[in-house]
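Let's go through this one together, question by question. Have the sequence and the structure open as you read.

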Amino acid sequence: MKAADQKRLLREMIFFRRFEERCFEAYMEHKIGGFLHLYSGQEAVATGVLETVRRGEDYVITGYRDHVHAIKSGAPAREVMAELYGKETGSSRGRGGSMHIFDPTVHFMGGYALVGQPFPLAAGLALACKYRGTDHIAVCFLGDGANNQGTFHETMNMAALWHLPVLFVCENNQYAIGTRIDRSTAVTDQYKRVCSYNMASSQHDGQDLDAVLAAAGKAVEHVRSGKGPYFIEFLTYRQRGHSMSDKTAAYRSKEEEAEWAKRDPIKLYGAKLIKAGVLTDADLKAIEHDVLNEIENDVVKFAEDSPAPKVEDLNKYVLDDRPDPRWIGPLQNS
Amino acid sequence: MAELAYWEAIRRAHDEELANDPMVLAMGEDIGVVGGTYKATSGLYQKYGDKRIIDTPISENSFTGIGIGASMAGLRPIIEIMSINFALLALDTLVNAAAKIRYMSGGRVSCPIVMRTPGGTAHQLAAQHSARLARVFMSTSGLRVVTPRGAMEACGMLKSAVRCNDPVIFIEHERMYNLREQVPDTEYFRPLEGAEIVRKGTDITLIGYNWSFLLCMKAADMLERDGISAEVVDLRSLKPLDRETIRRSVEKTHRVLVAEEDEAAVGVGSEIISVIIEDCFFALDSQPVRIHAADVPVPYAANLEHAAIPDEHDVYQGALKALGRI
């Protein structure tokens, strides 16, 4: 990979981390409401996988921890932040919030708050890609907890049966909210669970961006070339709680958190680039400074300055606002 | 004009829409090779192939979700769920996803699916195959719910439902599939919205939908023999509801009965009567009457099943009550 791309990817991950941490601050200031699920610690997975797909052609869908997936898919960060602020300029015009970021212009088809619900939606997006005869694919990001839903098994069966071009990315961050994986799941290696559907699968380090890029590249190629679905598992760790309300001390130790902090994906990749001579300490400082500036003076400012939705528009978007009267009516009673 | 059974009308709508738009496909359990439990897709697998007529595994929630996902990317799936009881398994994708995606994406993503399913009691199918449940979908923002009363409506409304950009819950009835009706030979559409005054009258308004509409029509004949002129309104669309047509009829007749095959609590009848009280309370000359099922899981034994489910005699008696004749 070219040095410029390596630097860009590092900057993206630093940007994603700062975006999420800035959301934390805005939440504490009551600028952001509802539930907020932060992605800090898992950046290498979304960054690496989505680097290997075709932006605006392939479909991407995920759960409620969705900000970074949306931005990496091409949704403007300022619109994502405006959505979190509940503004009309937000990516869902303030109707969705943190858990429901959408940007169909880049084929980011949403974040969903029902655990496991995106599995069949992703398979449906893949069905559409195949139906139209394109080589586009669908990519579904979900956590390990989602694999205990019925939709997991139902969808894996149909995706394999129908050779759908879908890549299931399992971000195994070890916890389903506060329940550690070995307390909820009989088989903790998630990639093994799709074997009964004859689906190709593998498990990789999710903290090392280069490992993610290499593994995802192969998996995407497998799916795109018509070999059927692929289930790829990345071992990772969220540095914050499940959302803003849980106390991690109740379910995991400081020692465990410290161990994973050593494998922070941004630190690992930054150190690697410095060691390789691609980057200097001064470059890193400059990137961090630049990101802080962009988030504060572009992303947050845009969200702060944007108008709230109009209350008179409350009922917009429930149904098609401009339906064709040939199909809808009204019926004429004599 | 040709006389078609209800199931043939559904089949014709599929055939015409599949031929009209390559993005239309159908999916469900046993709809392809077998042709559908109620024959509603018979012969279409042979005509359109397995790409467009998809036999699914018994996974209601996820095959419905696959249809919804495909619709988000521009396809127009007609999803058959074999019984409305099984649609409960798909409520997550229908209610939490299809109904809400347009809204929670700020109008940027739509889900143009049709979910067809028979709801209603048939003949001794017992508690787990006799649900009606229209009220569940009727209470969900973001869905359209339609209940075609016969072959004419079934064909025309299904074609409209396929072309509409909203998720449509299309509720058929197991006892109606073999009812026959004259249907135009040439292509036609029936609108998804609007209640219809199917029989004009002056003394009382009888309101029903799919099977309960047919009970109202039979009761109107019985009332006519007593010299009573009943107006019969087919709701057609449970969501959105045509409040205006209901109001106009009640303001004309001043008495009203609502018939439903489902249990009463939090049901179609409760909703319609609430609407009447809100919109035209002072037009009423007597209290509204609800005809509905007994508050029990549907029994197997024929006599118990009969006792649990309303028929035209119950509607007739209810109308006499509203008219102060009993």
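Contact here means heavy atoms within 4.5 Å, while helices (H or I, at least four residues) and strands (E, at least two) are DSSP runs, numbered from the N terminus. This is a predicted model, where local features need pLDDT of at least 70, side-chain atom pairs count only at pLDDT 80 or more, and totals for chains, interfaces and linings use all residues. Residues are numbered from 1 along each chain as its sequence is written, chains are lettered from A and ligands numbered from 1 in the order in which they are written, and side-chain values use heavy atoms, with hydrogens and water left out.

Q: How much area do chain A and chain B bury between them?
A: In this pairing, 44 residues of chain A are in contact with 58 residues of chain B. Buried area is the accessible area (1.4 Å probe) that two parts lose on being put together, summed over both. Carbon and sulfur atoms carry 65% of it, and the total is about 4,500 Å².

Q: At what angle do the axes of α9(B) and α10(B) cross?
A: Axes are lines fitted to C-alpha atoms, for helices over the stretch in contact, with angles from 0 to 180 degrees between N-to-C directions. Helix α9 (243-253) and helix α10 (268-280) of chain B have axes that come within 10 Å. The pair counts as roughly perpendicular (65 to 115 degrees), because the crossing is at roughly 70°.

Q: Is L88(B) buried, partly exposed or exposed?
A: L88(B) sits in the loop between α4 (84-87) and α5 of chain B. Its C-alpha is 9.4 Å from that of V136(B), although the two are 48 residues apart in sequence. With a relative accessible area of 46%, which falls between the 20% and 50% limits, L88(B) is partly exposed.

Q: What is the relative accessible area of H306(B)?
A: H306(B) belongs to helix α11 (302-308) of chain B. This residue is exposed (over 50%), and its value is 52%.

Key: Buried means under 20% relative accessible area, exposed over 50%, partly exposed in between (1.4 Å probe, protein chains only). Angles under 35 degrees count as roughly parallel, over 145 as roughly antiparallel, 65 to 115 as roughly perpendicular and the rest as oblique.
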